Amino acid sequence: MSLLSHYEILGIDSDATESDIKRAYKEKLLAIHPDKIKNNAKAKANTNENITGNENKSPISVNHIQDAYKILVDSKSRQQYDKELEEQFKKMGFFNNGDGVEEISLDEFEWNEKNEYRLNCPRCKQVDGFEFDEDALEEYGYQKRDSCEYLMMIQCNSCSLWIKVAYEMV
Ligand SMILES: [Zn+2]
């Protein structure tokens, strides 16, 4: 089992469109192709592409990319895969798929001197249903693609509602 999701292997969001997937697939294949790596060694040094650059270090092979593409480009198998992924993330304590998960700006949270953020749950009204500290943002946040914004998934400690906290790194 790969530690990276098919989306991560292709470097796309879980809501990527079919054309996003096709473009990402071509880009990744080009990036990982051994000849290209030699020829473009200079060019690559200027990109921030770390995943596929170094063959020895890279956990991603052409097979990984092809598998990821095959599954994601077909809407049926992609749906199935999304479900599996969701289960996997739930087991890990995360819920990945963005669909239906509300984004709430960090500004909406109450902040205290201990660098803790709190918010009453909008669904069950639990006081401080969502609470976390600044370290959690660093540890669990991930960057939104093509954006300077970051997101972190968090679950209400009372009703299990998931939300995405949206924030910018300073
Ligand atoms: Zn709640």
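**View 1. Isoleucine 104 and its bridge partner in strand S7.** Isoleucine 104 has valine 165 of S7 as its bridge partner, and S1 and strand S7 (residues 162-168) pair in the parallel sense over 4 bridges. This is a predicted model, in which local features need pLDDT of at least 70 and side-chain atom pairs count only at pLDDT 80 or more, while totals for chains, interfaces and linings use all residues. Residues are numbered from 1 along each chain as its sequence is written. The open sheet seen here is formed by 4 strands in the order S1-S7-S6-S5, with mixed pairing; its edge strands, each pairing on one side only, are strand S1 (102-105) and strand S5 (142-143). Strands (E, at least two residues) and helices (H or I, at least four) are DSSP runs numbered from the N terminus, and two strands pair if DSSP finds at least two bridges between them.

**View 2. The open sheet of strands S2, S3 and S4.** Antiparallel pairing joins 3 strands in the order S2-S3-S4, and the edges, each pairing on one side only, are strand S2 (110-111) and strand S4 (130-133). Strand S3 (residues 116-119) pairs with S4 in the antiparallel sense over 4 bridges, and within S4 the bridge partner of tyrosine 117 is phenylalanine 132.

**View 3. The largest nonpolar core.** This core has 14 residues, and those with the most contacts inside it include Leu10, Ile21, Tyr25 and Ile65. A nonpolar core is a set of buried Ala, Val, Leu, Ile, Met, Phe, Trp, Tyr and Cys residues joined through C-beta atoms within 7 Å, where buried requires 20 or more other C-beta atoms within 10 Å of the residue's own, with C-beta atoms placed from the backbone. Helix H1 (6-10), helix H2 (18-32) and helix H5 (62-73) each supply at least two residues of the core, and H2 gives the most, with 5 residues. Apart from this core lies another, of 6 residues, among them Phe130, Ile154, Cys156 and Val165.

**View 4. The surroundings of leucine 10.** Leaving aside neighbours within four places in sequence, leucine 10 is in contact with residues including Ala24, Lys28, Ala68, Tyr69 and Leu72; contact means that the C-beta atoms of two residues, placed from the backbone, lie within 7 Å.

**View 5. Residues 42-57.** Over residues 42-57 pLDDT stays under 50, and the model has 11 contacts for them beyond four places in sequence. pLDDT is the predictor's confidence in each residue, from 0 to 100. Where pLDDT is low, the predicted coordinates should not be read in detail.

Methods. A residue is buried if 20 or more other C-beta atoms lie within 10 Å of its own, exposed if 12 or fewer, and partly exposed in between; C-beta atoms are placed from the backbone.
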